[in-house]
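Subject: Structure handover

Hello,

The structure you asked about is below, and my notes follow it. Please read them with the model open.

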Amino acid sequence: MSSTANELQRVVVVGGSVAGARTCQALREAGFAGELVVIEPQLGDAYDRPPLSKAYLKGEITRDGIRLIPGGWASVGAEVIPFAAVALNAKAQSVTVADGREVGYDGLVIATGLSPKALTDSDGHAIGHVIGNIADADELRHELASGGHVVVVGSGYVAAEAASVARELGLEVTVVHRRTHLLEGALGAAVGARISRMHTESGIELRGNSRISSIVRGARGAQLTLDSGYELHADILIAGLGSSPNTEWLTGSGVRLDDGVLTDARCRVVGAPRVYALGDVARFYDVNSAQPRRACHWTNAADQATVVAHNLLSPKDPKGYREAPYFWTDQLGQKIQVVGHPDPKAHVDLLTLPGAVERHVAIYTHGDDNDCGAVVTFGWPRGMVAARRLMPLDPSTEEMIVTLEDLAAGTRAAA
């Protein structure tokens with residue numbers, strides 16, 4: 001297809017999760033009246049992914065409860081091609097789909113997200129459960145209902161959340177991971193230690209600083225041997241080992257790939273005109289740190305969608321993307337919320353703030369200027385609202401502590 005830059009006739013969105021869905025909504029809300037084509041192999045309407053390892057896995061909400069677009073794809077006038085994209089020809093402005101068809105575009109949005117990493121057994125075959133899509137979560141939820149000993153491998157968010165769900169369902173749970181604490185890689189040792197205590201106090205067995213020597217498949221589940229020689233049986237085995245960007249289909253396209261799709265600060269793909277990338281698959285130029293980075297969080301994808309839609313429709317008046325990092329995790333009945341960039345190597349103050357109800361927070365100090373780099377709250381949504389309001393003002397750690405202390409104490413100044 002061809003058109004002038006400000007006369008888009010067809011926008012193709014590859015990927016139908018939050019990044020793709022929010023882009024479609026933003027384009028229509030901004031007045032785009034042309035063709036909107038979504039290439040997404042999973043059938044059905046777009047759905048939210050974060051609950052798959054939390055409330056959805058636990059059975060607290062249904063698929064309707066995690067639907068991203070209330071009226072479905074039809075409500076935004078999107079044609080859905082239910083196959084995967086397999087190649088991009090940026091010069092010809094076309095995407096090849098798994099069924100063989102070529103789909104031309106005037107504007108292309110890459111929102112293909114991530115694929116979870118799987119465990120392998122002693123024969124080199126994938127084993128256990130991953131949580132990458134709703135089919136994965138449905139299969140795991142069904143097996144959890146059968147009971148048994150659950151072994152989760154990994155120390156990140158998905159691993160911690162899956163372990164929490166299994167324990168809340170009353171199952172015996174062991175978590176095997178290589179670090180000293182859960183979430184240590186993302187949130188550092190101090191906060192990781194606090195979260196690990198939550199898990200052990202709930203009855204979850206943590207086997208940190210451990211590597212798996214072998215996994216032997218059984219009639220149900222598997223037998224695991226750790227590097228210490230310790231053996232354990234998993235009736236249900238779950239991998240929470242992180243994910244990889246879905247970029248294989250872009251090999252040879254000219255698009256620059258480096259742990260994701262490289263973009264500039266306006267979400268424009270490096271190496272392909274009229275192509276944008278966002279969400280988990282995008283390695284965008286972060287103006288805050290002056291370096292490329294990926295941010296695998298819901299709010300990042302949703303915020304970038306607005307920028308991408310604007311820049312597609314108004315290329316002569318482009319907007320840059322400035323991340324306002326915020327994310328959350330639900331574990332053992334507690335919502336843990338994070339704002340900012342929690343550098344695992346930063347100094348961390350773990351505080352208990354007095355008030356009618358004691359509040360627990362962690363505050364990260366970056367650099368030598370007492371700058372507040374991030375805040376973590378434990379089961380205190382109102383405290384996170386205050387922290388998120390203050391973070392764009394580049395507060396000092398002292399300013400953040402005083403604000404949260406006042407709020408916890410119920411003083412008028414912080415209300």
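Helix α6 is mostly covered, with 12 of its 16 residues buried (buried means under 20% relative accessible area, exposed over 50%, and partly exposed in between, with a 1.4 Å probe and protein chains only). This is a predicted model, in which local features need pLDDT of at least 70 and side-chain atom pairs count only at pLDDT 80 or more, while totals for chains, interfaces and linings use all residues. Residues are numbered from 1 along each chain as its sequence is written, and side-chain values use heavy atoms, with hydrogens and water left out. Helices (H or I, at least four residues) and strands (E, at least two) are DSSP runs, numbered from the N terminus.

The buried residues of α6 include T299, N300, Q304, H310 and L312. The buried residues of this helix pack against β1 (10–14), α1 (18–29), β7 (107–110), β20 (275–277), β21 (282–286) and β23 (326–331); contact here means heavy atoms within 4.5 Å. The length of α6 agrees with expectation, because 16 residues at 1.5 Å a residue should span 22 Å and the end C-alpha atoms are 23 Å apart. The expected span is 1.5 Å times one less than the number of residues in the helix.

**Strand β21**

β21 is largely enclosed by the rest of the structure, because four of its five residues are buried. Strand β19 (residues 261–262) pairs with β21 in the parallel sense over two bridges, and L262 stands opposite R283 in β21. With β22, β21 pairs in the antiparallel sense over three bridges; here D286 stands opposite Q291 in β22. Two strands count as paired if DSSP finds at least two bridges between them. The hairpin of β21 and β22 has four residues between the strands, and A290 takes a positive phi near 60° there.

**The second largest pocket**

The second largest pocket holds about 740 Å³ of space. Grid points are joined across faces, edges and corners, and the volume is the space filled by probe spheres set on the points.

The pocket is lined by 24 residues, of which N288, P325, G340, H341 and M391 are the closest to its centre. β22 (291–293), α6 (298–313), β24 (334–340) and β27 (371–378) each supply at least two lining residues, and β27 has the largest share, three residues. The lining divides into eight nonpolar, eight polar and eight charged residues (Ala, Val, Leu, Ile, Met, Phe, Trp, Tyr, Cys and Pro count as nonpolar, Asp, Glu, Lys and Arg as charged, and the others, Gly among them, as polar).

L183 is not a glycine, yet has a positive phi of about 60°. L183 sits in the loop between β12 (172–176) and α5 (184–201) and is buried, at 1% relative accessible area. R274, also not a glycine, has a positive phi of about 60°; R274 lies in the loop between β19 and β20 and is partly exposed at 30% relative accessibility.

F83 is in the loop between β3 (78–81) and β4 (85–89) and is partly exposed at 34% relative accessibility. Leaving out residues up to four places away in sequence, F83 touches I39, E40, P41, V97, A98, D99 and R101. F83 and D99 are 16 residues apart along the chain, with 6.8 Å between their C-alpha atoms.

Regards

Methods
1 Å grid on protein atoms, 1.4 Å probe; cavity = no way out; pocket = protein on both sides within 12 Å on 5 of 7 lines; lining within 4 Å.
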